[in-house]
Amino acid sequence: MIDPRRQDPRSADAIGPTEAAARSGPCEHCRRWRIFLAGVCAGVVALALQAMAGPPSMGPPAKSKSIDLNAPELRQAAASAAASVVNAAVAAAASAAQAQASAAMAAAASAVQDAAVSFPLPPAERKPGAVPAPVVGTGTGTGTSAASVAPKVAGATTPTTPTTPTATTATTTPTATTATTATTATTATTATAATAATAATAASAVPRSAAPSAARGADLRLVYVTVPLPAGRVDTEYKRREVVEGGLAPYHIEIEGTPPPGLQFGNDGFVSGRPTRVGNFSFTLRAYDSASPRMEQEQHYVLRVLPPASAAPAVAPPSAPVAPATPPRLQSISLQEADGAADIQSDVPVTYLLTAKDLDDLVPPTEEDKAKPTSTAVAPSPPLPALAALRADVEEDSSTLTEPPLIAPDKPTPAQLRGILSAVVGVEYPTRAMFVGALEAERCRYYLLRVAELAAKRKVAAPTTCPLPAAKRPATSATAAPKRNERRPDQSAVPLDVFFDSLLAEDNLRDAVQAAMKAHPVGQSRPLMLAADGCQCAPGHKGNQVVGVIPFWRAQEQPIPINFNLFTRLQYMGVVLKDDGSFDQPQDWDGAVSGFSREAQRYDVAMDLVIYRRSWSRLLNRPDDEVQRMIKTAAQAAVQMIDRQRQDPQTWMNRLLLKPGADSGSLVFGGLTVFFEDTPTEGQEATRYTEFLKGFTNAVLEEMQKRVRPYYLNIVVPDDQLGERGPYNYGWLMDLKLRAEPPWNTAHRTTPDGSREPLYTGKSDVTVQYLVMMSGDPDTKKKIIRRNIDLTTQVTGVRRIDFLDSMMPVVVHATSPEAQPVNVSSNMARDFPYLEWNYGGVTLWPLPLADVGMGNQVIPSLVEYFISPQTTREKACAWVCPNRLPLRLLAQTLLLGCIVAAVLYGTNCRVRRVGMIYLLVLGVVAFITAALCLMLLTCDPAFAPLRESPYVPLVALVLAVAAFIYIFLQFRAPEL
């Protein structure tokens, strides 16, 4: 049956071919229902998109899904979605009938929905700050551009400003509908569908460069959330990376913590720059966008900056010698430089001593700590930023936490910092490297103690070694810092290396070094006075040197009581080398008033003068000819200072003595010590410092070899610069020893016949020694130094043993009553035997004193391991040795008198007439002289070579007996 509503009153012949083709499609009723259903679907889609985006007053979603924007499958999906939008829009515009256009609009709206929830393009294909261009609309000429429509479709929460249509903005009028009985509801749904089609066409017409703007309108996100920021290298350009995306640019970036110096976080969301310092830098990044209300995101990062990559030096082709160019002179400075202050204490000697007051300033103590300043109890302090943020989170959500929230540690707690720093209170370190090394050793000790406690509690094995410092760790072993407040099981919350790094942050280390630095101006010095502390001349030291250092700032109003028999040499620090080659000298530096050198040499202890310098920028940047003149002037002045003669009674008596009674005791100093601190280690300044060190040392050696007396030349060597390269390399140090010391030095090892060992070529009696500053744990450092010397090929065979015998590691100990009570005796019992067996001796900074600091614990260990037990002869010499010079003069006078009396008796008759009385007096005097000479031969250190010879005492005894026999045989009664 045929529906009468579909019959045409015209005949079939009256219908043209075009109209007949049109009649072959759906009827008008079906088309209206399809339009209605399409409008309903489009409305549902629009409502869904609006619900996903949320009203403008809402903030960002509670949790954003992390997406890898560089995934290839996401790029392909985004490209496919964009292509489908374009195809749908083109099909809608080309449709001639309203029904086909409406269906195309619905399909385009569905495609826009898929594209709107897709992902932003990769950062490499987006341009920050790109502004979308106006596009062709598909509405009814409302003048709204795609730039104002696309963000709404994409679910943006940031309102945008509509753009005014320009002359290039075109509109398209759809064909009139043939329906005449559409209802109001049908008209409304048709308008909704048209709106969706307009959005689809706008989204398809947006250029690729402007697409990220629509994506940024979604929500503010941080790019690096599940992965750490890539590591950088010092003095190397850090690759420009986007860290903030979404929201409305420009962004406001806040940094809390210590970011790498040289890196900048721009308001475009990118990080770039050139790092200038090596280390692990922990900081929290907080980003805000420009929307109203603004969105906020926060993340904790640990960005690692590695040392510069080592590259093989390029071999430059030989070129003709070029005359040295005149260095440019400074003509002007910047405003910032003009406002800066000069370092007026750059040449002042500096040590590092953390006092109890310094510790309280760094970590304020509690009431309990005030009674015992060096306690490690927890001190109150303002809450850390991360703790404050966590407290705010908990207050907003008072629900019970089933798992503890994680706060990535980047700094120590007050209790941890106080526990680490209290161990170095009261200990004076001569160099910055030694102080920093001591802090690193205490951090390691604290770390091992803490993890051992936790491992015992969990009944698992604890690590026995500490992780490498962050700057020395390979890049592949870097552990990503956890996200702040991220919930994780307690067993895997904080990696051990992150915990180790957090125990001593970089700013904590910097503050501790600054607080411990103590300057000692030379102008504030006092005369040094020494007094013997009930001792005698030093007994045998088992073939080792025991050196004590006396800084000039240790001088007191009263003489310092010293047990001289503990030491073989004392180092007096000293004089400061200035830029012009002269020296800044402490008050009474030569002991002309106080006589400290005379007192030390009375007990057979030699004194060496220390030359100090720690400022290098000005000196090393001067022209080469000026530096060479300065080196020559300084070397001559240095040797002249140690050759200075004393003016005291001992010197006067020494001048009256004849050989072999006379010695070199009239000189103030017996040697020179070169102590250069804070030396450059990198760049051109390190090369110039190496040249200066070698030039100055060689010039001093040449000046010493011009004299005829014995010298000691001591070089202070930092352990971190002792190796096969650098200024203090093994080859140069051994070559200096070979050129300085003579072949007849009895301390040298005998080389086997036919060996190819290098020979000593010194022309005068110069002895070279090396004082090695051990930074860090002495128990570890002393073994590392020995192992490296054993493995090097620059020193081999017997000369390696000579090299080890010339090294004396420096050991520090507490000298302040504020020092934490520790068992120093056990540490010394661990270190001293190793040093005595493997090296040429030990150097103590400063020299230990009884009842001062830990001196009462250091001295017994020193006596046990370095000093031979006193023999009966040495005990009997307790009075003879310190007074050997006047006894020498008396013995010399009596001996000359006996000789004159014997000659007169044999040649003068009147003398012989005196008879028996003359002979008795002569015999008593001769006996006293012989006894005195025997005492000096037994106790005087100057006669040690004669004493050790088996022939000299026998010959002396035979001559004495023969002389007395001859005298008595020749005796005749006088004639009356």
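## Close-up views of a predicted model

**View 1. Four strands make an open sheet.** The sheet runs in the order β2-β9-β8-β5, and its pairing is mixed. Its edge strands are β2 (232–233) and β5 (252–257), each pairing on one side only. The model shown here and in every view is predicted. β5 pairs with strand β8 (residues 279–288) in the antiparallel sense, over six bridges. Within this pairing, E254 has R286 in β8 as its bridge partner.

**View 2. Three strands make another open sheet.** The order is β3-β7-β6, with antiparallel pairing. β3 (238–242) and β6 (263–265) stand at the edges with a single partner strand each, so one side of each has no neighbour in the sheet. From one strand to the next, the twist averages 15°. β3 and strand β7 (residues 270–273) are antiparallel and share three bridges. Here R241 stands opposite V271 in β7.

**View 3. R749 and D805 form a salt bridge.** Side chains of opposite charge can pair when their charged atoms come close. The closest N and O atoms of R749 and D805 are 3.0 Å apart. R749 lies in the loop between α21 (730–740) and β25 (766–773), while D805 belongs to helix α23 (residues 797–805), so the pair ties together parts 56 residues apart in sequence. R749 is partly exposed, at 41% relative accessible area. D805 is also partly exposed, at 29%.

**View 4. A salt bridge links R830 and D779.** The N to O distance is 3.9 Å. R830 sits in helix α24 (residues 824–838) and D779 in helix α22 (residues 778–791), so this pair ties together parts that are 51 residues apart in sequence. How accessible is R830? R830 has a relative accessible area of 34%, which makes this residue partly exposed. D779 counts as buried, with 18% relative accessibility.

**View 5. R799 and D802 pair within one helix.** Their salt bridge brings the closest N and O atoms to 3.0 Å. The two residues are three apart in helix α23, so about one helical turn separates them. Are they buried or exposed? R799 is buried, with a relative accessible area of 4%. D802 is buried too, at 3%.

**View 6. Salt bridges join five residues into one network.** The members are E254, E256, R286, E296 and E298, connected by salt bridges that share partners. Across the model, the count comes to 41 salt bridges.

Note on methods
Residues numbered from 1 in each chain as written. Predicted model: local features only at pLDDT ≥ 70, side-chain atom pairs only at ≥ 80, totals over all residues. Heavy atoms only, no water. Pairing = 2+ DSSP bridges. Axes fitted to C-alpha atoms, helices over the stretch in contact; angles between N-to-C directions. Salt bridge = Lys/Arg side-chain N within 4 Å of Asp/Glu carboxyl O. Buried < 20%, exposed > 50% of the residue type's maximum accessible area, 1.4 Å probe, protein only.
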